[in-house]
Amino acid sequence: MFVSDIRKEFYDVVVNQSVVITQACTGSVICHCCGRCQALFHCDHVQYTLVPVRGWQDLETAFLEHKEQFRYFVLINCGANADLLETLQPEEETVFFICDTHRPVDVINVYNDTQIKLLIRQDDDLGIPAYDDIFRDEDEDEQDSGNESDEGSEPSGKRRRFEEGALERRIERQRERREWEARRREILFDYEQYEYHGTSSAMVMFELAWVMSKDTKDMLWWSVVGLTDQWVHDRIPHMKYVTDVATLQRHVSRHNHRNEDEENSLSIDCMRISFEYDLRLALYQHWSLYESICNSCYTSSSFKLWSIHGQKKLQEFLADMGLPLKQVRQKFNSMDVSIKENLREVIEESSNKYGMKDIRIQTFGVHFGFKNKFLAGDVVHAASALLENVERDEKGTDNFIKALDCLSSRSNIEQLHQGIDLGKKKLMAVQQTVASCICTNLIISQGPFLYCYLMEGTPDVKLFSKPLSLTLLSKYLLKAFVRSTRNKRCKLLPLIMAAPLDTEKGTVIVVGIPPDSESSDKKNFFGRAFEKAAESTGSRTLHDHFDTSVIELKTEDRSKFLDALITLLS
């Protein structure tokens, strides 16, 4: 059931209770929402237990471990897109509050009004089927059955006519039921066939804090980063991003006006958030401009930097800007102040000449005191890299805590800088792998989709065994391939990408992403397709991720699984 009054129906219910916060640790956006929820609970001293989960199996384990001690569970970015009561089999008094961006929301969760409470914006285009179209009262089929034996004392001729009428009514009811069930299957198929993402959970939790007048600048900044995460990882359409940016911009203006007193603005540890039109260059303020251009998806795919011609084009671009190579190749902080002052305008002017008319993007920045400035995209790349760090053999929960720590930027600048360094390495690994895949023709057209498999021994293959990193690589690779191919049909195809997951168990991780298009609604049909292909072939798959378009597959079943997908999607 959707919660209409989030304060009354959620916060006032749990404020005097002990709560379990169960949240997915498969994307940095989760950390931002978690930070907001924790900050809110800290305000009113709500006792809570935080449990990071990587998939459905972890969620089931966490629930089993805590169901005896807790009645209330808050699920962040997990649980909305599956029948939660069927999955977890809870007691009747257990209540789940679900704040999740995954769509579509399971219809059982929508129409359960006792145990499932959905903290989800209803102004999103949810397209939920009407109750009567998908649920039918079983008693309807038996309404007239009790009347058929009441005529036993009637003369035989009349009884025969009655029995014939009863038989006709029964046949008519059966026909109507078959038609209703066929219509129900069609309605549910149309509703469930695409996976997509809705309003950031971080924004939903911030709006709760705002309603209760408990919103702070830290909470607002986490909301900004949560939204930016959706944009960086290409989860929402551009217009949705622009609309939500406008919403947050109003909150930023409100907070800035509220804290305009001189003492606060000059404080050495003050926090100031600003709305900005900035460049689509990843981490450029913490890198050299040259490396940022080479490792940002937008510019590297536009220039086709995997080719010699692309490298020449980049040199021409730098010459057109009139920037000395020495300045471009050194750290941004070390560049001449006179160059940095007009850098955005210079880059934008030259970008327009080279067909990069969308080099500017609406975003937000944050200042901590006088020295530290970060863009929202910087924090997203840092948190994502920390979350899936493979440089040390640490548990997923350890990485989750580090990613969470880096969001407390004022008190943990060092952790944030460490995340930014890891983010640079990750972006370089992505671009090197993209170049390798295109130059060695690893992307194959399989008919209804493109397919690419990273072989064991590929550099950074361990990094790409992580779902968020592999998804990011897939999206960058598809954009680059669309730019490089001359085959018009291939430009319109989706991509399936696989990488080794566990060589000892003989498993691979498989990701499916929709076709690359600026006007795309970002809806992904691979989740349902993967399920049907696995069922029809008996392929040994594990559908454990909260994103249904990410699965694990036995290596030896890869061929028959792909064949089934080709047949299914052709």
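The questions and answers below concern a predicted model.

User: Is helix α8 largely enclosed or open, and how many of its 11 residues are buried?

Analyst: Residues that count as buried in α8 include Met 203, Phe 206 and Leu 208. Because the buried residues make up most of this helix, which spans residues 201–211, α8 is largely enclosed by the rest of the structure, and the number buried is 8 of the 11.

User: Which residue has a side-chain oxygen that reaches the backbone nitrogen of Ala 202?

Analyst: Ala 202 is itself one of the buried residues of α8. The contact lies at the start of α8, where the oxygen comes to within 3.1 Å of that nitrogen, and it belongs to the side chain of Ser 200.

User: Is Asp 215, the salt-bridge partner of Arg 254, buried or exposed?

Analyst: The closest N and O atoms of Arg 254 and Asp 215 are 2.8 Å apart. The pair links distant parts of the chain, with Arg 254 in helix α10 and Asp 215 in the loop between α8 and α9, 39 residues apart. Arg 254 is partly exposed at 26%, whereas Asp 215 has a relative accessibility of 7%, and because the cut-off for burial is under 20%, Asp 215 counts as buried.

User: What separates Glu 172 and Arg 175 along helix α7?

Analyst: Their side chains meet in a salt bridge, at 2.3 Å from N to O. Glu 172 is partly exposed at 33%, and Arg 175 is partly exposed at 34%. Because the two lie 3 residues apart in α7, the separation is about one helical turn.

Note on methods. Residues numbered from 1 in each chain as written. Predicted model: local features only at pLDDT ≥ 70, side-chain atom pairs only at ≥ 80, totals over all residues. Heavy atoms only, no water. Buried < 20%, exposed > 50% of the residue type's maximum accessible area, 1.4 Å probe, protein only. Helix = DSSP H or I, 4+ residues; strand = E, 2+ residues; numbered from the N terminus. Polar contact = N/O pair within 3.5 Å; in protein donor to acceptor, adjacent residues only side chain to side chain. Salt bridge = Lys/Arg side-chain N within 4 Å of Asp/Glu carboxyl O.
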